[in-house]
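Here are my notes on the salt bridges. Please read them with the coordinates open.

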Amino acid sequence: MKVLLLKDPKDKDSGPDPYIKELGLYGFEATLIPVLSFEFISIESLFEKLSHPECYGGLVFTSPRALEAIKICLKENSKNEAWLKSLKQRWNTKPVYVVGKATASLVEEIGLIPQGDKSGNAEKLAEYICSREKPSSSALLFPCGALKREVLPTALREKGIPLESLTVYQTTQHTDLQEALSCYFSQQGVPASVVFFSPSGVKFCLQHIQKLAGDFINHIKFAAIGPTTAEAMEAAGIPVCCTAESPTPQDLAAGVQKALRLQNC
């Protein structure tokens, strides 16, 4: 059975995409179509803030893209040298909160020590942070996207924990998305399952998929990587057949297998 994954591929240097690999272990033929493009902004402002760890109580990352922005900063030799010489060690004296394992691994790549990676979503990460931070402490620096949800900032604000957000990337539809979806449906037909990985994916893909699937749309089992994406799908009128217990390839593959075993959602 075919499964369509609406997500960006893992970095080319790090081997096969883990979601394709894990679904393959269950006998599924998974295909990945990139949905989003990202424009990085405020890179100089980001490094200026990273240059002053003494001004902050720690870091918060809820997206791998925020780490990509930091990596862009560190491509410049002088900035990378400053990072390796002292900034990395100074930040490591402070907590670095992350929402999931993918983000945690990227944090480790730049030499920092992540915590909170078992949270899995913004709500649980906010609870984790609130259990460890004191009100009126130094602000946590939060590099984020323009479309960030307000769940985490609101939860921290209600507990009196200061958070300084900095928008470091903007999200747009991938330029090849419509063509890639059309090619997939014309060559491989209607998949048994379609997996959304973000609310933006729902926004950019749903109408195309409905048009391409036509009368067979009800045959597709729609899955979500997490509760936030599931909410966006439900709001768009999509029946969610499964939501991964945590945003990992293992939990997603297990959920898809279970959903496809059932006759009805």
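The points below take the salt bridges of this predicted model in turn.

1. Overall count. The structure contains 12 salt bridges.

2. Arg65 and Asp8. These two side chains form a salt bridge, with 2.7 Å between the closest N and O atoms. The pair links distant parts of the chain. Arg65 sits in helix α3 (residues 64-74), while Asp8 is in the loop between β1 (2-6) and α1 (18-25). They are 57 residues apart. Buried or exposed? Both Arg65 and Asp8 are buried.

3. The network. Arg65 and Asp8 are also part of a network of salt bridges, which links them with Glu68.

4. Glu164 and Lys49. Here too a salt bridge forms, and its closest N and O atoms are 2.7 Å apart. Glu164 belongs to strand β8 (residues 163-173) and Lys49 to helix α2 (residues 43-50), so the pair ties together parts 115 residues apart in sequence. Glu164 is partly exposed, at 27% relative accessible area. Lys49 counts as partly exposed as well, at 22% relative accessibility. The cut-off matters for Lys49: buried means under 20%.

5. Arg90 and Glu54. Their side chains meet in a salt bridge, 2.7 Å from N to O. Arg90 lies in helix α4 (residues 77-91) and Glu54 in the loop between α2 and β4 (58-61), so this pair ties together parts 36 residues apart in sequence. Arg90 is partly exposed, with a relative accessible area of 34%. Glu54 is partly exposed too, with a value of 47%.

How values were computed. Residues are numbered from 1 along each chain as its sequence is written. This is a predicted model: local features need pLDDT of at least 70, side-chain atom pairs count only at pLDDT 80 or more; totals for chains, interfaces and linings use all residues. Side-chain values use heavy atoms; hydrogens and water are left out. A salt bridge is a side-chain nitrogen of Lys or Arg within 4 Å of a carboxyl oxygen of Asp or Glu. Helices (H or I, at least four residues) and strands (E, at least two) are DSSP runs, numbered from the N terminus. Buried means under 20% relative accessible area, exposed over 50%, partly exposed in between (1.4 Å probe, protein chains only).
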